[in-house]
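Please open the structure in the viewer and keep the sequence panel at hand.

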Amino acid sequence: MPDFIANFREQLTNFWNKFDKKQKIQLGIIAILLFIGISLLVYIVNRPNYVVLYSDLSIKDAGAVVEKLKTEFKIPYKISNDGTTILVPAQYKDEVRMKLATEGIPQGGFSFQDAMNNSLATTDQERRQKYLYFLQNEIQNSLKTIDGVQDAIVNIVVPDQNAFVLSNTTNQATAAVMLTLKPGVTLSSSQVKGIIDFVSKSVEGLKPENVTVIDNNGKILTAESDTTAENANTQFALQKKVQEDLQNSLQTLLEQVFGPGNVVVRANVTLNFDKKTQDTIEYLPVQGNDNKGIVRSIQELKEKATGTQGGSSPGTASNNPPVTSTTSNNTSDYNKTETTINYEINQIKTSLVQAQGKIESISVAVVVNQNLNNSMKQQIADLVTKAAGGDSLVKVSVQGMQFNQDLLKAMQQQTKAPKGAPVYVWALLAALVLGGALSLFMMIRKKKETLLATAEQEILATTEPIEEIDLSDKDEKKKQIEKLVKEKPEIVVQLIRTWLNEE
């Protein structure tokens, strides 16, 4: 055993032997109380924060949830409000709700089995109504899982199925949803649209325009989509993504030359999101040796007449003179044929849509942690220009200056600090508490001894002098002691106590 351990053990033993049995018991009790206090403090600091998982549950649903938590999920839980409210640690709340929802728990007091549990006397209308109740409960329980929704009430109205073909009834299914939101929560338009779509898709024949959503204050929640804002957000995200990718690429390239932490790169990229459409029509000559295109349509006109020829000669001929023949008996025949052919015109139509997000300009600023001459600046600028695309749209600025790295050094020193600091703090706290308790015990003991000595002096001062006892004769000494005990017992008790303290 090392010497310092042996010395420490010997000193501890000597310190412990200075106390009597009663003091040792008191020190042990104080140590136990301190240990219990520190344990309670650690437990209070590290104990889980329980939050409400479900409230206002039926006994059936509460039992199903508790059974899942106990046997399958192995998650601690608490029950309050006569078993209608179940609490779990905050870190498990969302995970448990999702797992239970996939298994259809809780069922809201009306399960699918209840909806399908019918007798022979149950009519089709009653079966339909029971299934509708089940559907409303399912939608309500699903809406309660949305973050920010505390409670939900769903009413669905489905028109009766009419067996008459000639009926003029045109009623449509409708749904009304009332949401009780948590304090300070406001649903966005996209969330309201999602709720409307979810409800409409859950009910057969229900259209989204027939779903009404209100909050607990009676305000109608609409799903108006702000297309302009959404497009602006998308464009901003795309531009930011392009800037970050270019910036990281240039940063990595230059750090390979100057070392990590010695280069700062900032890039600014301007994108053009204007949408342009260009239509072009190109006419081409007819292909082929016959110089003819594709026939589109053909029109043919034929005229024919027969008559007796008069004494005068025929009239003036037209551009397309008809064919006239004369027979021997002065009878003439008239024939005319006209043909029109339409050909397709050879053309090429081109519609060009310019892609949105075209880069219009790139500006890059580079700062290096050292002094640079003009030649080095030009080399870095050329390198960055080529890496950014080598286009005339790229503008680069390079500067060299010393970095202020005081904050970086301070952070590095903090990261090098020992990770056992929390344990050290707890040990120091325990030592301080123990030292304070020991100091308090010693002060109380010293004060008690002082009060005892003062009381002894007061008693001795107020009592009469004690007669001397002759110790030569044992019988006489015994008589004197008995007399002293009978007459002044308080003095005898004080003397015995003083002797014990001296020992």
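Predicted model: local features only at pLDDT ≥ 70, side-chain atom pairs only at ≥ 80, totals over all residues.

Begin by selecting helix α9, residues 374-387. The expected span is 1.5 Å times one less than the number of residues. Helices (H or I, at least four residues) and strands (E, at least two) are DSSP runs, numbered from the N terminus.

Within α9, now select Ile-380, Ala-381 and Val-384, the buried residues of this helix. They lie on the same side of α9, because they cover an arc of only 100° around the axis. The arc is that of the directions from the helix axis to the C-beta atoms. An α-helix has 3.6 residues a turn, so residues three or four places apart point the same way. Buried means under 20% relative accessible area, exposed over 50%, and partly exposed in between (1.4 Å probe, protein chains only). Following α9 is Gly-389, with a positive phi near 130°.

Residues are numbered from 1 along each chain as its sequence is written, and side-chain values use heavy atoms, with hydrogens and water left out.

Next, display the whole protein chain, which has 13 helices and 14 strands. Of its 503 residues, 19% count as buried. The protein chain exposes about 37300 Å², of which carbon and sulfur atoms supply 55%; accessible areas come from the Shrake-Rupley method with a 1.4 Å probe, and for residues only the protein chains shown count as cover.

Move to helix α2, residues 21-46, where Ile-25 is found. With a relative accessibility of 47%, Ile-25 counts as partly exposed.

Then select Lys-74, in the loop between α3 (59-73) and β2 (78-80). Its phi is positive, near 55°, in a residue other than glycine. Is Lys-74 buried or exposed? Lys-74 is exposed, at a relative accessible area of 62%.

The last stops are salt bridges, of which the whole structure holds 6. A salt bridge is a side-chain nitrogen of Lys or Arg within 4 Å of a carboxyl oxygen of Asp or Glu.

- In helix α4 (residues 93-102), Lys-99 and Glu-95 are 4 residues apart, about one helical turn. Their closest N and O atoms are 3.0 Å apart. Lys-99 is partly exposed at 36%, as is Glu-95 at 38%.
- Lys-144 pairs with Asp-151, with the closest N and O atoms 3.5 Å apart. Lys-144 is partly exposed at 28%, and Asp-151 is partly exposed at 30%.
- In helix α8 (residues 227-258), Asp-245 and Lys-241 are 4 residues apart, again about one helical turn. Their closest N and O atoms are 2.6 Å apart.
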